Amino acid sequence: MPSVIKNHYQWVVDMYVCICNAVTDREIKKAVKQGVNTFDQVRDQLGVASCCGQCESHAREVINEARTAKPVFAGIPLIPVSMPHMA
Ligand code: FES
């Protein structure tokens with residue numbers, strides 16, 4: 001279900017990627033976060049691109065974006081810090 005979420009830093013608006021099956025970018029990103037990594041797996045799980053297929057290239061872009069996304073906390077990117085003196 002598309003939604004608008006407000007926090008202190010930004011508005012996040014869901015965007016439909018697949019109109020035929022009402023699949024949003026948030027749903028695709030959530031699936032990738034949960035380990036669904038390939039386009040075929042996303043299509044099988046969410047039904048994206050299983051009707052007219054017009055959304056396939058956009059769905060692939062969202063999947064790739066989700067795979068390479070860096071973790072964030074409250075809109076602030078989390079950057080790993082090495083602490084050699086702790087090793
Ligand atoms: S828009 Fe996704 S299958 Fe038609």
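Predicted model: local features only at pLDDT ≥ 70, side-chain atom pairs only at ≥ 80, totals over all residues.
A residue is counted as buried if 20 or more other C-beta atoms lie within 10 Å of its own. Val62, which is found in helix H3, has 23 C-beta neighbours inside 10 Å and therefore counts as buried.

**Overall arrangement**

The secondary structure of the chain comes to three helices and six strands, and from the N terminus on the elements run β-β-β-β-α-α-α-β-β. Of the 87 residues in the chain, 20% are buried. Among contacts with a separation of 6 or more, 45% are accounted for by residues 24 or more positions apart.

**Helices H1 and H2**

Two packed helices are described by the angle between their axes and the distance between the axes. For H1 (residues 25–33) and H2 (residues 39–46), the angle is about 115° and the axes are 11 Å apart, and the crossing is right-handed. On the H1 side the contact is made by Glu27, Ile28 and Ala31, while H2 contributes Val42, Gln45 and Leu46. Sorted by class, this contact has four nonpolar residues, one polar residue and one charged residue.

Within H2, the buried residues are Val42, Arg43 and Leu46. These residues lie on the same side of H2, because they cover an arc of only 100° around the axis. An α-helix has 3.6 residues a turn, so residues three or four places apart point the same way. On the other side of H2, Asp40 and Asp44 are exposed. The cover over the buried residues of H2 includes E4, H1 and H3.

Leaving out residues up to four places away in sequence, Val62 touches Val17, Asp25, Ile28 and Lys29. Val62 and Val32 are 30 residues apart in sequence, and their C-alpha atoms are 9.5 Å apart in space.

Two of the residues that Val62 touches, Val17 and Ile28, are also named, together with Cys18, Val48 and Ala59, as having the most contacts inside the largest nonpolar core, which has 13 residues. The elements that give two or more residues to this core are E3, H1, H2 and H3, and H3 gives the most, with three residues. Cys18, setting aside its neighbours within four places in sequence, is in contact with Val23, Val48, Ala49, Cys55 and Ala59.

**Residues with positive phi**

| Residue | Phi | Position |
|---|---|---|
| Ala22 | about 50° | loop between strand E3 (16–18) and strand E4 (23–24) |
| Gly47 | about 85° | just after H2 |
| Ala49 | about 60° | loop between H2 and helix H3 (56–68) |

Ala22 takes its positive phi although it is not a glycine, and the positive phi of Ala49 likewise occurs although Ala49 is not a glycine. Ala49, by contrast, is buried, because 23 other C-beta atoms lie within 10 Å. Ala49 is also one of the residues in contact with Cys18.

Terms used:
Residues numbered from 1 in each chain as written. Axes fitted to C-alpha atoms, helices over the stretch in contact; angles between N-to-C directions. Helix = DSSP H or I, 4+ residues; strand = E, 2+ residues; numbered from the N terminus. Left-handed = near helix turned anticlockwise from the far one by under 90°. Contact = placed C-beta atoms within 7 Å. Nonpolar A, V, L, I, M, F, W, Y, C, P; charged D, E, K, R; others polar. Buried ≥ 20, exposed ≤ 12 C-beta atoms within 10 Å, placed from the backbone. Arc of directions from axis to C-beta. Core = buried A, V, L, I, M, F, W, Y, C linked by C-beta atoms within 7 Å.
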